[in-house]
Structure formats: structure tokens, C-alpha cells
Amino acid sequence: MNDVEKTNIERQNSGKRMRRRKRMMSVYVIAVVLLVLTIGITMCFTFLFNIDSIVVSGESQTYDYMKIVEVSEIRAGDNLLRLNTKKSEQHIMDELLYVETAEVSRDFPSTLRINVTRCIPAYNVQYDDGVLLVSRQGKILSDNNFYSDIENLPVIYGLEPADTEAGKALKSVNQNKYEAFSQIISRFDRDDNTQIESIDITNEYEITVNYRNGLIFEMGNWNDVEYKLDLAQNVMNDENIKGKKGCLKMVGSNQCSFRGNGEVETTTAAVTTSTISTTTTTVTTEPVADYGYDDGYSDYDYYDDYNYNYNDSDGDGIPDDYNVWMDVDGDGYPDYGYTDYDGDGIPDQWG
């Protein structure tokens with residue numbers, strides 16, 4: 001009788017079936033998970049998280065609750081997850097002239113919150129055809145032919161607005177002037193600056209600030225406007241300067257010189273990492289004649305009686321081209337009898 005030899009055919013087939021079942025089970029599990037997720041997401045965007053209350057907060061003396069909700073274009077029953085909150089915020093600020101900012105936020109499961117702040121008039125912006133009343137954050141509130149005297153608002157000259165329509169954000173056709181304006185806005189946002197009477201940015205390279213206390217600040221170009229205003233304020237608060245009238249002028253990138261009316265006095269302020277410190281030096285000299293061209297300064301100081309423009313690129317207080325600057329008669333020598341005892345070609349009065 002022949003022996004029967006067993007094979008592993010059935011065992012191999014059984015292993016294949018098990019692997020096939022595991023793969024199918026994985027597919028079933030993934031399908032179930034996807035189905036559950038689909039149902040859950042659908043419910044979230046349809047049946048769940050629908051708005052049943054809208055809360056409006058903040059300051060808005062001009063507009064009531066219903067008006068703010070209406071212009072937001074959000075209604076009870078809308079789904080919180082499907083809202084475009086940024087679009088709603090922009091609608092509120094565009095449609096409501098005296099709303100400065102709007103913040104729309106979701107409070108799950110069913111509440112929407114709208115917080116608004118009112119526009120605060122901050123300054124008058126003079127331009128060729130009139131005067132714009134502008135809010136603290138740069139929103140045009142009105143276009144007038146007069147200066148608003150609300151809280152003695154400062155006046156900005158020379159901005160060249162790109163648009164004068166009420167409700168629009170104020171911009172300039174000159175990018176450098178707009179950069180200076182943006183920094184002024186930032187400064188006004190944290191300090192009302194009611195001590196500033198006017199800011200002239202007609203020439204963006206020679207920006208001038210006039211203070212109500214009689215001081216004039218020549219800050220130079222549009223770079224670092226915030227920093228320069230802080231620097232000037234720090235110098236004005238110095239005990240040796242406080243209460244005096246005169247002219248402040250940027251010297252280099254982190255110093256400020258001061259010349260009081262009828263005296264020679266220099267103040268420099270240097271920046272540290274966290275604060276602005278001040279060092280004061282007073283120099284007494286004999287008065288130098290002023291030849292009467294109504295600038296109030298002596299002839300051999302930084303300010304020429306003829307009001308010539310000059311450049312001082314190295315910051316040493318000496319005009320780069322002093323012969324042209326003071327040589328009105330064209331004889332090659334500075335006018336009004338300068339002396340040059342050391343023979344360096346620089347009038348002794350200048351150093």
C-alpha cells in the first residue's frame with residue numbers, strides 16, 4: 001500500500017485569505033472613518049454652530065446696535081464656521097464713517113461678537129483744494145475749506161493726498177511722504193501730541209515740526225520719524241532746555257542740537273538700547289552780529305541770513321560748500337570779513 005504524501009496547499013490558501021481579509025478590513029475602517037468625518041463636517045457647517053445671538057460692544061456714539069449689525073451683513077441663523085469675519089469687519093468700517101476699527105469674532109457654540117471703536121479726530125491735513133479732517137489712524141472724516149479747531153488739532157502740510165473722499169484711508173502720491181505720515185499716525189496713536197502745532201512735510205528731506213511752546217524741530221528726512229519725535233521730546237524736557245524758545249535740529253542719526261534765541265547752546269541726545277539719555281553742554285561766546293535778514297540768528301551760525309539751503313553730510317556743523325554758502329559777492333571769500341588764523345580754509349567762527 002502506497003503512503004499518502006500531504007501538501008501545504010490548503011495552508012497556503014488559508015494564509016492568502018487571511019491577508020486578503022485584513023486588507024479589506026483596513027479599507028472598511030477607512031471608509032467608515034471618512035463617512036463619519038463627512039457627516040460630522042456637514043453637520044458643523046449646516047445644523048451645528050448656527051448663530052442665535054449677536055453681541056455688539058465698544059464705543060459708537062453715532063450708530064446703534066441694529067445699524068452695526070445691518071452693515072456687517074451677518075444675520076441670526078448664519079453658520080459661525082462659514083462666516084468671512086474679515087469681510088464683515090471691512091464692511092462695517094467702509095459703511096460707517098465714524099467707526100475707526102471693527103473686530104468680528106466667533107464665540108462657540110452659537111454667539112457672534114462685534115467690537116467697534118469710534119473715530120477720534122487727530123489732525124487737519126492741508127492740501128491745495130482744502131483741508132481734510134483725519135482720524136487718529138488715518139481715516140478721512142471730512143473735506144473742508146477750513147481748519148477744524150477740535151482740541152487744537154495739529155496741521156500737516158505738504159502731504160499731497162492721493163484721495164480726498166470721506167471714509168477712505170489717507171494716502172499720498174509721494175511714497176516717502178506717506179512713510180513719514182504712517183509713522184506720524186503711529187506716534188499719534190500712543191500720544192495725542194496736542195503740544196504739536198504743525199508738521200510740514202512739503203519737502204520730505206527737510207521735515208519741520210512746530211511746537212506750541214515756540215520750539216521748532218528740523219528733523220531732516222522721512223526716516224525714523226517716530227524715533228526723532230521721541231528724541232526731540234526728550235531734549236525739550238531737559239532742565240537746561242525746558243521753557244526756552246529756539247530751534248532743535250537733528251545731527252547725524254542719534255543726536256539733536258539746540259540753539260536758543262539769542263544764545264549759543266548745544267544739547268546732544270544719544271540713544272541707548274532701551275532709553276534716550278541726554279547730555280548737555282553750554283558754550284558761552286561773544287555775540288556775533290546779525291545782519292538783519294529776519295531769521296533771528298547770527299551770520300556765522302548754522303542758519304544763513306540769506307536762507308540758503310546747505311548740506312552737512314559729515315554732521316560737523318560746517319556747510320559742505322561754505323564758500324558758495326556765504327559768498328554772495330562771488331569774490332571767493334565768505335562775506336562779512338571772516339577770520340582764518342589757522343589757515344585751514346574754514347572761518348574761525350565755524351571751528
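Is Glu59 buried, partly exposed or exposed, and at what relative accessibility? I looked this up in a predicted model, and Glu59 counts as partly exposed because its relative accessibility is 48%.

**Entry on salt bridges**

I found that the structure holds six salt bridges.

Arg118 counts as partly exposed, at 32% relative accessibility.

I then turned to Lys177 and Glu160, whose side chains meet in a salt bridge at 2.6 Å, N to O. Lys177 is in helix α4 (residues 175-190), and Glu160 is in the loop between β7 (155-157) and α4, 17 residues apart. Lys177 is buried, with a relative accessible area of 4%, whereas Glu160 is partly exposed at 37%.

I also recorded a salt bridge between the side chains of Lys249 and Glu218 (3.6 Å, N to O). Lys249 lies in strand β11 (residues 246-251) and Glu218 in strand β10 (residues 215-220), so the bridge ties together parts 31 residues apart in sequence.

**Entry on cysteines**

I found zero disulfides. Cys256 is in no disulfide, and its nearest cysteine sulfur, that of Cys247, is 8.7 Å away. Cys256 is buried because its relative accessibility is 0%, under the 20% limit. Cys119 is buried at 7%.

**Entry on surface charge**

I noted a positive surface patch whose members include Lys16, Arg17 and Arg19. Arg17 lies in helix α1 (residues 9-46) and counts as partly exposed, at 41% relative accessibility.

Key:
Residues numbered from 1 in each chain as written. Predicted model: local features only at pLDDT ≥ 70, side-chain atom pairs only at ≥ 80, totals over all residues. Heavy atoms only, no water. Patch = residues over 30% accessible without salt bridge, like charges linked within 9 Å, V, L, I, M, F, W, Y side chains within 5 Å. Areas by Shrake-Rupley, 256 points an atom, 1.4 Å probe, with all protein chains shown as cover. Salt bridge = Lys/Arg side-chain N within 4 Å of Asp/Glu carboxyl O. Lys, Arg positive; Asp, Glu negative; His and termini not counted. Charge placed at Lys NZ, Arg CZ, Asp CG, Glu CD. Helix = DSSP H or I, 4+ residues; strand = E, 2+ residues; numbered from the N terminus. Buried < 20%, exposed > 50% of the residue type's maximum accessible area, 1.4 Å probe, protein only. Disulfide = S-S within 2.5 Å.
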